[in-house]
Amino acid sequence: MNQIALTEFCDRPAWEVAPELVGAALLVEGVGGLVVETEAYEPDDPASHSFGGPTARNAAMFGPPAHAYVYRSYGIHWCFNIVCRRGSAVLVRALEPKWGLEAMMARRGLRDAALLAAGPGRLTQALAITRAHDGMPLAGAAIALDPHPAAQPLATGPRIGISKATERPWRFGLAGSRYLSRPFGRG
DNA sequence: CCTACGATCCCCT
DNA sequence: GGGGATCGTAGGC
């Protein structure tokens with residue numbers, strides 16, 4: 001999808017975009033797969049980095065839609081987000097590896113496809129996403145995001161690893177996929 | 001199967 | 001100076 005069409009797709013609240021991104025193709029330098037798990041974060045959302053307004057770290061979240069927001073997590077991992085309407089973003093938590101399997105296996109140091117990109121930190125390691133990608137367009141030379149309609153059973157549930165606004169059911173995923181960071185509960 | 005914990009940066013107060 | 005939108009490993013049941 002080109003950058004203009006992708007911007008239009010992303011220029012909505014993250015809770016609306018996040019479920020529609022399940023099934024999308026995500027590639028970085030030709031390596032990647034299909035998105036199987038996402039989470040939405042909003043400006044009025046105490047769990048969101050954008051909750052307190054713009055800062056140096058979250059600047060990309062307040063930039064144009066359809067760009068990347070990449071941040072350091074726990075001092076060790078990178079996490080990759082898709083910027084939506086101003087101050088909102090979708091965290092991509094897991095991929096079904098599909099293109100460039102050997103590159104991902106080499107970067108992750110293992111050959112089990114189910115563990116290559118099952119989790120936000122694992123995903124960025126497999127795709128070699130770092131701070132250098134923060135603010136980059138998602139239909140550019142390095143990153144290609146291609147949402148497409150897919151008839152699929154979606155599961156929802158509470159977001160993972162947060163301590164505020166834990167009641168918002170803003171985690172979305174492909175029900176029953178073996179590539180999720182964690183299974184979804186019943187209901 | 002599960003729970004516990006250490007690693008290690010950067011941003012924000 | 002505190003605290004994460006996490007991961008891998010160790011050890012118990």
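Start at Y74: one of its polar backbone atoms sits 2.8 Å from a base oxygen of DNA strand B. This is a polar contact, a pair of N or O atoms within 3.5 Å. The model is predicted, so local features need pLDDT of at least 70 and side-chain atom pairs pLDDT 80 or more, while totals for chains, interfaces and linings use all residues. Residues are numbered from 1 along each chain as its sequence is written, chains are lettered from A and ligands numbered from 1 in the order written, and side-chain values use heavy atoms, without hydrogens or water.

**DNA strand B**

Select T55, A56, R57, Y74, G75, I76 and R131, the residues around DNA strand B (near means a heavy atom within 4 Å). Sugar and phosphate make up 59% of the atoms of DNA strand B within 4 Å of the protein. Go to G75. Its backbone N or O atom is 3.1 Å from a sugar or linking oxygen of DNA strand B. Next, R131: a polar side-chain atom lies 3.0 Å from a phosphate oxygen of DNA strand B.

**DNA strand C**

Now show the 19 residues around DNA strand C; Y74, N81, R108, R122 and G161 come nearest. Here sugar and phosphate account for 55% of the atoms of DNA strand C within 4 Å of the protein.

Zoom in on R122. A side-chain N or O atom is 2.4 Å from a phosphate oxygen of DNA strand C. Move to Y71, where a polar side-chain atom lies 2.9 Å from a base nitrogen of DNA strand C. At A47, a polar backbone atom is 3.4 Å from a base nitrogen of DNA strand C.

Finish on helix 4 (helices are DSSP runs of H or I, at least four residues). Helix 4 gives the largest share of the surface near DNA strand C, three residues.

Notes. Polar contact = N/O pair within 3.5 Å; in protein donor to acceptor, adjacent residues only side chain to side chain. Helix = DSSP H or I, 4+ residues; strand = E, 2+ residues; numbered from the N terminus.
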